Amino acid sequence: MRVLVVEDEIRLAENVARSLRESAGYAVDVASDGQEGLFLAESNTYDVVLLDLMLPKLDGMELLGRIRQSGQRTPVLVLTARDDKESVIALLNAGADDYLTKPFDLGELLARTKALIRRGKGQASPVVTIGDLELNTVNRTVQRGGKAITLTAMEYRVLEYLVHRPRAVVSKTELLEHLYDYNWEKFSNVIEVYISGLRRKLNEGSSRQLIRTLRGQGYMLQD
Amino acid sequence: MDSESKNVQPDSIQRRLIASVLLSQSILTVGLMVIGVIVTYWRLLSTLDVAMQAHATSVAVLVRYTDDGSGHVYFDNSLLPESIDPNHPDQFMVWADRTGYLTRSEDWPEGLQFQPGPSQHWNFSWAGVPYHGVRMSHVPVLDRPDNASVKPQTLTIVYASPTVRIRQQVKAALAAITAASLLMLGATTWLASWKIRRGLLPLQILARQASLVSTQSWKLQPPKEAEDIEELRPLTESMTQMLARLEYSFKQQREFVGNAAHELKTPVAVLKSTLQSLLQRPRSSEEYRAGLQASLEDLERLEQLLEWMLRLARAEQWAQNGQQRELEIIDINSTCEEAVGRIRSLAQSRNTSIHLATNGPVLFRADPEDLQLVWTNLLENAVRYSPEGSSVEVAVARAGEKAQITFQDHGAGISPSDLPRIFDRFYRGDRSRTRATGGFGLGLAIVKALVEAYGGSIAAESTPGEGTRMTVELPIPGRKSSATG
């Protein structure tokens, strides 16, 4: 999953980004003003956007409006210092999906971010099951047929993304876009390494292949 | 005291007005009654007088001369006139000037001594019956004596008639007047109180409207009834004005609290997130150190913000209450020099030169720290918003009864949309730039409050792309001797 944090208070943005990377294993991009935020939001596909309202160059509300105008359905979590009814109503009506008032709790921020990603992918439960595969997004554990499977951080991120798009063809480019932040060099062959590692671990003691490869198109997770 | 005053009914304009109307109506009624009775009595009495004179004349007709040619007269009582009041007989007595006493009425009160005196009319009471009497002198005897040589006699007639009927009539008139007056009094009182109550209605409507005013809705809708009334117009006008002032200061206060809370929330959010992310998992001691260092910096910023807010609050309090400190007379030039010194290292780091132009000492009663704070703030802004390598000019001059201090920079200037708001608390034209400079948007608000606390004013002029000029004017009491240049 890839998250965009638009926040001009650089230290706050760094703390949020670090927390999302460490505790949720998300790829995080940080924009410190509205224009940069708009540029990143338009040039990449994010699974959730965390947006501060008072931003230099381009106001948060305006940025939100532009994102929604362009038809992006990415969930937006607004970080605001104002918690009066009027501004909350205004921001939700402008297309925000949720809001958190400053100073917020990082745990709550994480939980809300996860919930928004879940909803954005059409999921309700934090525990996603595909056949006998079970992925818990809260404590980041994977089971198959009741047996726990230990994955590396990157393998988990690949599987988490695939699990949220079941029975859909996911291209290597899409995976790269959602697993790496802006600063990473992206090599598509790295994905193949993770997929093969995943296949090996998921198929222990089971004959059914969960991840199918569609030549020239990408991967598909199915039961 | 309290329990006593609680029992006392509150004074009421309505009751007071009704009472005064009632009082004047009562005085009028009583006066009318008295006048009515007097006029009636007097009119009846004069009618009676006329009747009595007529009766006395008919008595005089009954006096005849004797046939013996002596010239004496006698009274022929065969044709006595009827009494004026048939129930109460009239009394009379007749004298002739030569013959003397002639006659008197049959039931002339025994023992009523009557001496003809100088008075024409008199009242008396006999056996419980009130009488009004009239005395007529020199009434000629109408009969002619047989002997033409006899000198004709004249008569003195006393005629009295009971006034019982008059009294009854006066009493009846009094009763009628009283009844009518009371009826009118009741009617006018009811009418007056109704009109007064109606007249005071706008006051009640106004009060009801005023009770609707709250911190949520400050608008007082003066009812049309109240606006049309001359006496209420100053009241509604001053109420509307007072509410407008209240609303303004209330809004300003609320805005300040809101802004302050917002400004405080951000550093707190940063601090909290830093500490929470430190605690999320075990860290190396370097990471902890870096986190603590960052937290300390955030705390210092928070502290700085609080310090600025307190300064602003203090300056605004002075501006409102007037400074009540013992102040010395200082030279404005020296405070400017001090401020330039404080900014010098910042200016040098930006390669900006500061020129201070003075023209003789300008003396002013102030705390030098306050003025230095004002100049430092203005200079810092000028230097920060100037491009590297440019210059900032400061000039101190006396213009009549004012000291004028100007700060001119050659920076990007302030956009016309921002210009009117730069003295607002927490206002920042471009957040990214002020954030980088660590500003809170309070500096100019503090400057303005301090300048106003000394009775001065500050104005900003700016041409985008050419620079900004800040002009501070401080009032100098007109003692020419103090400025010996």
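In the predicted model, chain A contains eight helices and twelve strands, and 40% of its 223 residues count as buried. Among the contacts of chain A that have a separation of 6 or more, 58% are made by residues 24 or more positions apart. Chain B, by comparison, comes to ten helices and 14 strands, with buried residues making up 22% of its 485 residues. For chain B, residues 24 or more positions apart account for 68% of the contacts with a separation of 6 or more.

When neighbours within four places in sequence are left aside, Val3(A) is in contact with Leu20(A), Tyr26(A), Val28(A), Tyr46(A), Asp47(A), Val48(A), Leu50(A) and Thr113(A). In soluble globular proteins, nonpolar side chains tend to be buried together.

Two of the residues in contact with Val3(A), namely Leu20(A) and Thr113(A), also take part in the packing of two helices, Leu20(A) on the side of H1(A) and Thr113(A) on that of H5(A). Helix H1 of chain A, residues 10–24, packs against helix H5 of chain A, residues 106–120, at an angle of about 65 degrees, and their axes are 10 Å apart. The crossing of these helices, H1(A) and H5(A), is right-handed. H1(A) contributes Val16(A), Ser19(A), Leu20(A), Ser23(A) and Ala24(A) to the contact, while H5(A) contributes Leu106(A), Leu109(A), Leu110(A), Thr113(A) and Lys114(A). Sorted by class, the residues in the contact of H1(A) with H5(A) are six nonpolar, three polar and one charged.

In chain B, five strands form an open sheet of mixed pairing, in the order E9-E11-E12-E14-E13. Strand E9 (353–357) and strand E13 (457–463) of chain B stand at the edges with a single partner strand each, and therefore one side of each is left without a neighbour in the sheet. Neighbouring strands are turned against each other by 15 degrees on average, when direction is ignored. Within this sheet, strand E12 (residues 402–408) of chain B and strand E14 (residues 467–475) of chain B run antiparallel and are joined by seven bridges, and one residue pair that illustrates this is Thr406(B) with its bridge partner Thr471(B) in E14(B). Helix H7 of chain B, residues 332–349, packs on the sheet and touches E9, strand E11 (391–399) and E12 of chain B, its direction making about 175 degrees with that of E9(B).

Another helix of chain B, H10 (residues 443–453), is largely enclosed by the rest of the structure, because ten of its eleven residues are buried. The buried residues of H10(B) include Lys448(B) as well as Leu444(B), Ile446(B), Val447(B) and Leu450(B), and their cover includes H6, helix H8 (368–384), E13 and E14 of chain B. Just after H10(B), Gly455(B) takes a positive phi of about 80 degrees.

The contact between the two chains takes 19 residues from chain B and 21 residues from chain A. On the side of chain B that touches chain A, helix H5 (233–279), helix H6 (285–321) and helix H9 (431–437) of chain B each supply at least two residues, and the largest share, eleven residues, comes from H5(B). By class, this side of chain B has four nonpolar, eight polar and seven charged residues.

Technical notes:
Residues numbered from 1 in each chain as written. Chains lettered and ligands numbered in written order. Predicted model: local features only at pLDDT ≥ 70, side-chain atom pairs only at ≥ 80, totals over all residues. Contact = placed C-beta atoms within 7 Å. Pairing = 2+ DSSP bridges. Helix = DSSP H or I, 4+ residues; strand = E, 2+ residues; numbered from the N terminus. Axes fitted to C-alpha atoms, helices over the stretch in contact; angles between N-to-C directions. Left-handed = near helix turned anticlockwise from the far one by under 90°. Nonpolar A, V, L, I, M, F, W, Y, C, P; charged D, E, K, R; others polar. Buried ≥ 20, exposed ≤ 12 C-beta atoms within 10 Å, placed from the backbone.
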